[in-house]
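Work through these exercises with the sequence and the structure in view. Try each task before reading its solution.

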Amino acid sequence: MYQLWYTCVMDKVDDKEPILDVIFYKTEAGNEPVREWLKRLQSNDRKIIGEDIKTAQYGWPLGMPLIRKIERGLWEVLSNISTGIARVFFTVKDNLMILLHGFVKKSHKTPPNELDTAHRRLHNRLYPK
C-alpha cells in the first residue's frame, strides 16, 4: 500500500507546488551538518533519503512508515538504505521543513546523544542567540 501511494504522489510532483520548502539547519559558523552528513553517504543512499524528504515535502503531513513524530515540533524521516535505517530529524515552522540532524541507526533504540543533538539544534533554531 505504501509503495502504491508513494508512486502516485511522486508521479504528480511535477504538477504541483511543494507544501514545504526544505532547508538545512545552519550552525553559527555557517556549517550545515545534515548536508555534510549526506555528502559522506553513498550516492544511492543519498538518492533514497532525498526522495523520502521530497515525498514529505510534497505530501505533508504524513505518518508512518515514512514519517514518525518524536514529540511536539520534532519528526523524523525514516529511510531504508544500504547500511541500515537512516533517520533525519526535522521540524516544521510555517512552510519550512528544517533538517536538523541525520544519522544511520545501528541499534533498536535511538541513541540519547543523537536525540540530544536534534533537541539542541531545534532549540538553537527556535531561540537564536
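**Exercise 1. Fold order**

Which pattern does the protein follow, read along the sequence?

Solution. This is a predicted model. Start with the elements: the protein has four helices and five strands. Now read along the sequence. The pattern is α-β-α-α-β-β-β-β-α.

**Exercise 2. Helix H4**

Solution. Step one: count. H4 covers residues 112-126, which is 15 residues. At 1.5 Å a residue, H4 should span 21 Å, and its end C-alpha atoms are 21 Å apart, so the two agree.

Step two: list the buried residues. They are Glu-114, Thr-117, Ala-118, Arg-121 and Leu-122. These residues cover an arc of only 130 degrees around the axis, which puts them on the same side of H4.

Step three: find the cover. It includes helix H2 (33-40) and strands E3 (74-81), E4 (84-93) and E5 (96-105).

**Exercise 3. The largest pocket**

Which residues line the largest pocket, and how do they divide by class?

Solution. First, the volume: about 160 Å³. Next, the lining. One stretch is Tyr-25, Lys-26, Thr-27 and Glu-28; the others are Asn-124, Arg-125, Tyr-127, Pro-128 and Lys-129. Then sort by class: three nonpolar, two polar and four charged residues.

**Exercise 4. Whole-chain totals**

What percentage of the 129 residues counts as buried?

Solution. The share is 40%. Turn to contacts with a separation of 6 or more: residues 24 or more positions apart account for 49% of them.

Definitions and conventions: Residues numbered from 1 in each chain as written. Predicted model: local features only at pLDDT ≥ 70, side-chain atom pairs only at ≥ 80, totals over all residues. Heavy atoms only, no water. Helix = DSSP H or I, 4+ residues; strand = E, 2+ residues; numbered from the N terminus. Expected span 1.5 Å × (residues − 1). Buried < 20%, exposed > 50% of the residue type's maximum accessible area, 1.4 Å probe, protein only. Arc of directions from axis to C-beta. Contact = heavy atoms within 4.5 Å. 1 Å grid on protein atoms, 1.4 Å probe; cavity = no way out; pocket = protein on both sides within 12 Å on 5 of 7 lines; lining within 4 Å. Points joined across faces, edges and corners; volume = space filled by probe spheres on them. Nonpolar A, V, L, I, M, F, W, Y, C, P; charged D, E, K, R; others polar.
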